[in-house]
Amino acid sequence: MTIQDWGAIGEIVGAIAVVVTLGYLASQIRYARLAASDASRLGRSDGVRDILLAQVSNPDFRQAWRKADPAAAANVARIGERLGITPDEADMVWHAACAWTFLHWSQFRAMKTPEDEHELENLVSNFYSAQPMAMLWKEDAILRSLLDPGFVRWVDGVLSRTTRA
């Protein structure tokens with residue numbers, strides 16, 4: 001074999017190495033983008049949950065919010081009547097339920113494996129089929145409207161499979 005033959009083999013090996021390296025880098029960029037998207041979504045979810053939980057723990061905040069938003073006041077009054085609790089208690093329950101749904105939404109959007117989905121399905125089927133979450137999920141259009149339609153359909157699908165089983 002001549003030096004030119006060895007050079008040709010080296011070029012072929014080098015070209016293959018470049019293609020493999022570019023494929024690996026493309027894969028790494030894709031996964032980094034997914035991780036950044038998950039982190040951003042989790043950050044948004046954390047922020048929303050923090051605000052919702054502040055309303056749960058602060059009676060002045062809840063009162064001011066109901067005073068500023070008559071529709072919210074009517075909604076929590078209706079929830080209170082339905083659950084047999086005061087409007088202020090209904091307000092706390094509603095905001096806590098919203099905090100849970102945003103947590104589940106961020107987990108839903110971050111699912112990568114069938115195990116992830118099975119774990120979240122189990123949690124949702126148990127949590128959303130018990131009171132007060134069952135009533136809120138089924139009857140409160142405001143709660144559902146805060147979430148993306150894909151998540152709402154997924155939860156409805158999980159619950160329909162759960163109630164049939």
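This is a predicted model: local features need pLDDT of at least 70, side-chain atom pairs count only at pLDDT 80 or more; totals for chains, interfaces and linings use all residues.

Arg109 is partly exposed, as its relative accessible area is 34%. Which residue does the side chain of Arg109 meet in a salt bridge? The partner is Asp148, and the N to O distance is 2.5 Å. Arg109 belongs to helix H4, whereas Asp148 sits in the loop between H7 and H8, so this pair links distant parts of the chain, 39 residues apart.

A second salt bridge joins the side chains of Arg144 and Asp156, at 2.6 Å from N to O. Because Arg144 is in helix H7 and Asp156 in helix H8, this pair ties together parts that are twelve residues apart in sequence. Arg144 is partly exposed, with 23% relative accessible area, and Asp156 is partly exposed as well, with 29%. There is also a network: Arg62, Arg66, Asp88 and Asp91 are joined into one by salt bridges that share partners.

How many salt bridges does a search of the whole structure find? The search finds eight. One of them is formed by the side chains of Asp140 and Arg78, with 3.6 Å between N and O. Asp140 lies in the loop between H6 and helix H7, which spans residues 141–145, and Arg78 lies in helix H3, so the two tie together parts that are 62 residues apart in sequence. Is Asp140 buried or exposed? Asp140 is buried, because its relative accessible area is 1% and the cut-off for buried is under 20%. Arg78, by contrast, counts as partly exposed, at 32% relative accessibility.

Cys98 is found in helix H4 and counts as buried, with 0% relative accessibility. Beyond residues up to four places away in sequence, Cys98 touches Leu52, Leu143 and Leu146. Between Cys98 and Ser160 there are 62 residues in sequence and 21 Å in space, taken from C-alpha to C-alpha.

Ser125 is placed in helix H5 and is buried, with a relative accessible area of 11%. The side chain of Ser125 reaches the backbone oxygen of Asn122 at 3.0 Å. Apart from neighbours within four places in sequence, Ser125 is in contact with Val158, Leu159 and Thr162.

Finally, I come to the surface. Which residues form a nonpolar patch there? They are Met1, Trp6, Ile9 and Val13, and together they have about 460 Å² of accessible area. Ile9 has its place in helix H1, residues 3–57, and is partly exposed, with a relative accessible area of 35%.

Notes: Residues are numbered from 1 along each chain as its sequence is written. Side-chain values use heavy atoms; hydrogens and water are left out. Patches are made of residues with over 30% relative accessible area and no salt bridge: like charges are joined within 9 Å, nonpolar side chains (Val, Leu, Ile, Met, Phe, Trp, Tyr) within 5 Å. Accessible areas come from the Shrake-Rupley method with a 1.4 Å probe; for residues, only the protein chains shown count as cover. A salt bridge is a side-chain nitrogen of Lys or Arg within 4 Å of a carboxyl oxygen of Asp or Glu. Helices (H or I, at least four residues) and strands (E, at least two) are DSSP runs, numbered from the N terminus. Buried means under 20% relative accessible area, exposed over 50%, partly exposed in between (1.4 Å probe, protein chains only). A polar contact is a pair of N or O atoms within 3.5 Å; within protein, one must be able to donate a hydrogen and the other to accept it, and residues adjacent in sequence count only if both atoms are side-chain atoms. Contact means heavy atoms within 4.5 Å.
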